[in-house]
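This report describes how one protein chain is put together. Look at the sequence and the model first, then read on.

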Amino acid sequence: MSARGGVSCPACDKPLPATPAIRGRDRLHGIPGEFVVHICGWCRSGRTLPYVAAECLGELYPPSYNAFALPANLVLRAAATALFRWRYWRGLRRPPLAELSPLRPGRLLDVGSGRGDLGLVLGEHGWRVTGIEPSREACDEANARGAPTLHGTLATVSSRLDADFNAVLFQHSLEHVAEPLDDLNLARKRLLPGGLLLVSLPNFGSWQARRFGSDWFHLDLPRHRSHFTARGIDLLLRRAGLQPLLTSTSTSADGLPMSIQYRRFGQRRYRSGFPLYASFVVMLATSPLTALADRVAGGGDILHAVACRPHRRQHHAGT
């Protein structure tokens with residue numbers, strides 16, 4: 001929200017148009033109501049309205065929200081665990097996580113760490129990972145698996161962290177917070193000078209976002225509170241006193257197939273059990289075709305950014 005009393009862009013803080021560009025509903029979990037996205041005329045990033053304060057964000061995640069849940073069936077559980085481990089093993093060789101490879105392993109803060117999959121993989125590479133997770137169930141699962149995780153948000157647990165970090169990671173979590181600038185300011189303060197901040201989130205500037213509009217899978221109304229373009233994330237990082245180093249895009253396996261499914265059926269057809277995991281296999285098998293389409297169109301549906309905390313203090317708008 002703008003200090004001037006109106007609604008501002010979460011990326012560049014310029015006033016947003018009064019008329020929303022996108023109107024949609026919750027296609028994944030069916031939370032009632034209409035949600036709108038106002039798009040900034042300057043950086044083309046967007047904000048979801050009506051505005052939801054940080055302390056009320058939990059209301060957007062019903063019991064059926066199982067982004068981090070492991071299936072009860074032992075075979076499916078093993079398959080799901082193997083799938084996520086392979087995903088992160090592969091991710092460590094691609095942006096933005098590949099930026100960690102040249103570094104001497106140190107302390108890493110994973111904001112929105114879920115059930116600890118990435119923390120466990122990074123731990124095998126020598127990193128000492130602390131997770132922060134607002135879901136009590138996911139937090140308990142992570143700790144049970146040996147991935148140290150604090151329950152809460154960056155704002156609520158920052159004072160309990162016992163040291164600063166060589167890297168801070170927002171892996172598909174920054175778009176969920178009420179005010180991204182606030183979280184990035186907190187992250188900067190917990191970074192050692194020269195430490196890296198790595199962000200991955202949906203690419204609001206992608207052809208998929210433009211083509212599918214309210215049917216775009218990664219729009220995920222109303223849980224995604226902010227929607228960033230490459231220009232927008234660069235401006236936001238600078239406002240938080242961070243030095244952007246690089247941006248890139250990649251192709252998700254589920255973005256295009258799920259967007260087509262939303263356009264055709266209006267919702268997700270398979271939500272649990274064998275059909276859900278079978279659909280994941282199909283998505284993975286067709287992902288090379290989606291990646292080819294993204295290359296032709298100029299960019300993937302996932303946006304990555306890497307920044308660092310400058311060694312010398314710089315003036316920024318977030319302090």
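Among contacts in the chain between residues at least 6 apart in sequence, what share joins residues at least 24 apart? The share is 71%, where a contact means heavy atoms within 4.5 Å.

The model is predicted, so local features need pLDDT of at least 70 and side-chain atom pairs count only at pLDDT 80 or more, while totals for chains, interfaces and linings use all residues. Residues are numbered from 1 along each chain as its sequence is written, and side-chain values use heavy atoms, with hydrogens and water left out.

**The chain as a whole**

The chain has 319 residues, and 52% of them are buried. Buried means under 20% relative accessible area, exposed means over 50%, and partly exposed lies in between (1.4 Å probe, protein chains only). The secondary structure comes to nine helices and 11 strands; these are DSSP runs numbered from the N terminus, with at least four residues (H or I) for a helix and at least two (E) for a strand. The accessible surface of the chain is about 15,100 Å², and carbon and sulfur atoms account for 56% of it. Such areas come from the Shrake-Rupley method with a 1.4 Å probe; for residues, only the protein chains shown count as cover.

Helix H5 is largely enclosed by the rest of the structure, because eight of its 11 residues are buried.

| Helix | Buried residues |
|---|---|
| H3 (residues 136-144) | Ala138, Cys139, Ala142 |
| H5 | Pro180, Leu181, Asp183, Leu184, Asn185, Ala187, Arg188, Arg190 |
| H7 | Gly232, Ile233, Leu236, Leu237, Arg239 |

In H7 the buried residues fall within an arc of 160 degrees seen down the axis, so they line one face of the helix. The arc is that of the directions from the helix axis to the C-beta atoms. Cover for the buried residues of H7 includes H5, E8, strand E10 (243-250) and E11. Those of H5 pack against partners including helix H4 (154-157), strand E7 (165-171) and helix H7 (230-239). Just after H7, Gly241 has a positive phi of about 80 degrees.

In H3, the buried residues Ala138, Cys139 and Ala142 cover an arc of only 100 degrees, which puts them on the same side of the helix. The face turned away from that buried side carries the exposed residues Glu137 and Ala144. Strands E5 (128-133) and E6 (149-151) pack against the buried residues of H3.

**Nonpolar cores**

A nonpolar core is a set of buried Ala, Val, Leu, Ile, Met, Phe, Trp, Tyr and Cys residues joined through side-chain atoms within 4.5 Å. In the largest, with 33 residues, Val168, Phe170, Leu174, Leu197 and Ile233 touch the most other members. Strand E8 gives the most to this core, with four residues. Apart from it lies another core of 17 residues, among them Ala178, Phe204, Trp216 and Leu219.

Which residues does Val168 touch, not counting those up to four places away in sequence? They are Leu109, Val111, Ala187, Leu191, Leu196, Leu197 and Leu198.

**Cysteines**

The structure holds zero disulfides, a disulfide being a pair of cysteine sulfur atoms within 2.5 Å. For Cys43, the closest cysteine sulfur is that of Cys9, at 3.5 Å, which is too far for a bond. Cys43 counts as buried because its relative accessibility is 2%, whereas Cys56, with a relative accessible area of 28%, is partly exposed.
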